[in-house]
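Colleague: Could you take me through the side-chain contacts and backbone details of this model?

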Amino acid sequence: ANLVVVSIESFYVLSFICQSTGKKEAAITCLDQIEKYLDEQQERDNKLFSDVMTNLNDRDGFVFSEESDSIDGPKKQDKSDIKSRAQTARILANGRHAKEQATLAFSRIMIFHKTLPSPTEEEEAFIDSKIRELVDLAWEYKNNPPIMHAISSADQISTDDNSSDSDHIFKITLQAIRVVHIRRILSKSANRSDCDLNPYKAITNKFQNTHRQPFILLDQLNAILTAQYKIRQDECDESSRSWLDKEAMKMAHEFMDIAKSTFQKSSSIDKGGRDCNSTLFIPRDQLFRNQLLQDTKIHFARAVSLYYASKDYKLCVHWSDLLYNVLKINSTQVSLEEEDALLNQVLSVKAFSQSMSGDEATAMKTAREAWETSKVKTVDGLVNLFHCGVRHEMKFSSGDTMLEFDNACNELLSARHQAAGVDEIISAFPRMSNSCVENEVGGGGSLLLSTQERWLSMLLRSSTFQENLKDRKNIEPPGGHSLFEILRAYLQNFEHIMSTRKDRNRVCQHSEALVRNLDGVLKLLCRVRERKQHKKSGRRKKKVSEFKLIWDDPATNKLLGDRADCVWTAEQLWNIGNLLMAEDTTSTIGVVRRFASDSFAASHDFCIFSEEEEGAILSKGYLNYDTKYNSENLSFPLFCGTNADKPFCDISSEFSAQCLLLSSATALDYASNCLDQPKCEAENRVRQALHRLSLAQDEFRVNCENEIQKKEVEKMIALLSLRALLGIGNDLLGADILQANGLSEALLDIHQEELGQPSGFSTLLNVKATSDLAEEKKMQITARILLRMCAKMLSLTGKFVLTVGHFDLSLGSIQRKLITIASSTKDVIAVYEDVDLAAKQHRDKGIEFYSEDELNWLIIEAYNRGVHLSLLGDFASSESLFSTGLNLLPLGGIELQCHAKEMRTALSNAVTNKLAAADPNYVVPGIG
């Protein structure tokens with residue numbers, strides 16, 4: 001018997017080889033030989049059974065000689081037991097023979113099925129006949145109770161997939177029908193009848209109203225989907241695809257109508273014998289139900305995958321509904337968590353398909369349902385919700401996409417480990433960015449920028465990313481993109497939006513996020529700068545740094561980027577700062593200036609960082625970020641001498657210094673326009689601007705070799721410092737900058753250089769305006785110093801009255817105001833010394849002089865203050881004022897000349913009293 005089995009298997013191998021090499025006749029001959037062997041084997045089995053039954057009637061005991069392994073035990077057995085065993089062996093032998101006959105018929109079908117280029121009509125007829133033969137075999141062994149009983153009790157008889165002989169025949173029949181049906185669909189045999197074209201008709205009619213009918217319909221659906229896949233893969237015409245789409249959907253609905261009752265049954269499906277309705281553990285009808293349910297899920301999921309991959313989204317929506325309804329059926333083979341995950345995955349696919357098919361509103365509802373009903377939040381669900389939100393916002397301008405995304409992110413992170421959740425979301429950002437590029441007008445806009453903002457922000461707060469950077473682990477960053485790759489794309493998109501003036505209402509929102517992310521990147525670079533250096537191993541005492549710049553570390557290059565990225569970022573931020581400066585939206589101009597200032601300052605820091613050495617902190621004290629949030633170590637411009645306490649920075653450049661200058665100028669613009677902001681914020685901005693001016697001043701002195709340019713920069717810094725005085729909010733600090741730091745002398749030098757030029761009075765006018773504003777802000781000391789500077793500048797022009805446009809500036813009015821607001825006698829005397837000097841010059845050179853009213857007021861004020869000081873006992877000061885008044889009296893009005901005697905007497909008394917106060921023995925002479 002074993003030799004026969006080997007021979008049959010050998011002939012099957014030979015048949016396959018002959019068929020694959022095009023020798024069809026030889027393959028058929030091999031199968032004929034197999035059929036001959038099978039007939040001989042069946043004949044031997046029948047003869048053996050006949051002999052056994054005959055001997056049972058003649059002898060008391062019998063043992064099979066050839067089938068001793070089937071009837072084992074003692075030789076003497078009860079006749080009834082031996083007869084039962086013989087009948088069982090006969091039934092099993094018939095089952096094996098039927099299975100071999102089915103295999104042989106299947107092999108014959110395959111030989112003609114694979115005929116090239118295609119089977120002839122006679123061969124197709126032969127295929128149909130063999131299919132009917134297989135159907136008859138499947139039906140015969142399906143409805144034979146003894147066979148079913150034997151199969152249930154003899155578990156040692158099984159096929160490769162552990163199924164019974166009847167299941168094997170049924171499955172091989174469906175396989176033959178399926179492959180033939182797929183080929184006929186693909187060949188479009190229009191000359192054949194519907195009966196011939198659809199080989200499923202025979203088995204469908206035979207097994208109607210049986211538990212096998214749903215499996216047949218499901219297999220036919222499988223064949224249609226397979227043909228549809230191949231047709232779409234070969235890019236056939238639309239009519240073929242459309243016809244198959246309708247057939248597949250029709251078949252699916254027909255199957256669901258029939259299978260619905262099967263899924264809902266909880267009792268037996270087959271009403272056959274008692275033994276065929278149950279197994280050892282699970283009822284037989286439950287096994288059929290579970291198998292049908294699993295097969296249905298697989299094939300419906302195939303349909304969803306097919307139409308999703310082929311971008312036929314409307315059909316994908318319908319198939320998603322069918323699959324969702326199937327998945328909702330309770331099954332004991334999956335856990336509740338798995339069932340929930342499957343349901344939400346199908347809903348996500350459905351939402352995506354609805355969105356892509358043009359039904360964005362419904363898609364958004366479905367996506368929200370999928371997210372809200374999911375017990376286990378996933379990143380894929382988050383991405384799908386975001387995609388549907390993007391398409392919905394593009395169509396309806398809802399503006400809710402990023403808000404929903406932020407809420408969903410918070411839910412996801414709260415449900416998972418923080419670090420793992422952040423890394424998973426980071427890995428999903430490329431998909432969300434692609435969604436924005438594909439769906440936003442112009443290949444990306446505000447939504448893409450918002451997505452990149454969150455991508456960058458989340459990467460910066462990733463603990464995994466920071467630990468890898470600290471430990472120098474040379475591995476891929478989360479999401480596969482380095483920090484500067486994301487930053488470059490983000491800055492390019494920001495510049496694109498600003499240059500095209502898209503979403504101007506969101507300029508402030510995006511600009512604020514820009515500054516926040518730039519601060520995060522700079523903070524990270526500071527950590528890289530200050531981390532410990534790797535030292536070379538060995539016993540050498542000399543400690544040599546493994547890297548020179550922070551960019552020379554391979555791990556830094558992989559996780560962050562290289563030096564070229566840092567330089568590019570500095571240049572890009574310069575461009576962005578200029579674009580923000582050009583923003584002319586009236587309602588946002590003040591705030592935009594603040595963002596422009598921060599952009600220029602960040603450009604300076606990135607420029608410095610491009611040359612930073614690890615551990616050396618060469619830029620310490622020169623980075624704007626180091627003092628941006630720490631106002632304790634701020635420095636101010638120094639116009640007299642140099643700051644010896646400040647470290648020398650040799651990695652700065654003229655570009656970095658220019659960034660600081662522009663940053664300071666725009667910060668002052670912002671401070672002057674943010675009247676509605678808290679006072680402390682404006683003051684802090686101004687102090688930061690002065691600090692940047694100080695840094696720029698030092699960097700220019702180090703790097704600028706052109707003396708003319710250096711002089712112009714000093715002038716610009718002085719004028720910007722003058723402008724900043726009013727915003728610092730500290731009168732004493734303002735006065736200290738003017739006097740101790742040499743700003744007043746620098747402004748006087750600038751004024752002297754301007755004399756004789758067309759704009760020779762601009763500095764004078766700026767000083768005067770600043771003085772007036774300082775007085776309004778109650779900065780009295782600063783106002784007096786500025787007003788005194790103004791008087792000196794005006795006196796240097798040689799004019800007592802300066803007319804600029806409709807504005808008249810009089811030296812007398814300035815000095816009169818100085819005297820009025822003077823806080824000490826010393827200040828008053830200083831003003832009168834200037835007046836006395838002007839009178840002397842007038843007498844000697846005949847230059848312009850005060851008006852009569854101004855001169856009269858100065859004379860009277862000098863006399864009155866002298867009298868007041870005499871009464872207070874300050875005879876030296878009163879003497880000085882009386883002397884100046886007498887010197888001016890001849891130039892005054894006629895009405896004052898009559899008081900000359902009184903003024904001389906007052907002067908004489910002041911001199912006498914001064915001498916008496918200085919010498920107690922002094923005798924006051926009598927008045928003669």
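What follows is a set of questions and answers on rings, charges, surface, a helix and some loops.

Colleague: What kind of model is this, and how are residues numbered?

Modeller: This is a predicted model, where local features need pLDDT of at least 70 and side-chain atom pairs count only at pLDDT 80 or more, while totals for chains, interfaces and linings use all residues. Side-chain values use heavy atoms, with hydrogens and water left out, and residues are numbered from 1 along each chain as its sequence is written.

Colleague: How many aromatic pairs are there?

Modeller: Rings of Phe, Tyr and Trp (its six-membered ring) pair if their centres lie within 6.5 Å; planes under 30 degrees apart count as stacked, over 60 as edge-to-face and the rest as tilted. By this rule the count is 20 aromatic pairs.

Colleague: Which class does the pair of Y308 and F352 fall in, and how many residues apart in sequence are the parts that the pair ties together?

Modeller: The ring centres of Y308 and F352 are 5.4 Å apart with 50° between the planes, so the pair is tilted. Helices are DSSP runs (H or I, at least four residues), numbered from the N terminus. Y308 belongs to helix 11 (residues 284-309) and F352 to helix 13 (residues 336-356), so the pair joins parts whose separation in sequence is 44 residues.

Colleague: Is F352 buried or exposed?

Modeller: Buried means under 20% relative accessible area, exposed over 50%, and partly exposed in between (1.4 Å probe, protein chains only). Y308, at 35%, counts as partly exposed. F352 has 16% relative accessibility, so F352 counts as buried.

Colleague: Where are W574 and F655?

Modeller: W574 and F655 form a tilted pair, 5.4 Å centre to centre and 45° between the planes. F655 is partly exposed, at 27% relative accessibility. The pair links distant parts of the chain, 81 residues apart: W574 is in helix 23 (residues 563-581) and F655 in helix 26 (residues 654-673).

Colleague: Which ring does the charged end of R212 sit over?

Modeller: A charge sits over a ring if NZ of Lys or CZ of Arg is within 6 Å of the ring centre and within 35 degrees of the ring normal. K377 has its charged end over the ring of W371, 5.0 Å from the centre. For R212 the distance is 4.4 Å, and the ring is that of F170.

Colleague: Which residue just after helix 32 takes a positive phi?

Modeller: Helix 32 has buried residues including T782, I785, M789 and L794. Just after this helix, a positive phi of about 80° is taken by G798.

Colleague: What is the relative accessible area of I728?

Modeller: I728 lies in the loop between helix 28 (707-724) and helix 29 (731-739). I728 and V686 are 42 residues apart in sequence and 5.8 Å apart in space, C-alpha to C-alpha. I728 is buried, with a relative accessible area of 0%.

Colleague: What is the phi of N209?

Modeller: N209 is in the loop between helix 8 (200-206) and helix 9 (213-233) and counts as exposed, at 70% relative accessibility. N209 is not a glycine, yet its phi is positive, at about 65°.

Methods
Helices (H or I, at least four residues) and strands (E, at least two) are DSSP runs, numbered from the N terminus.
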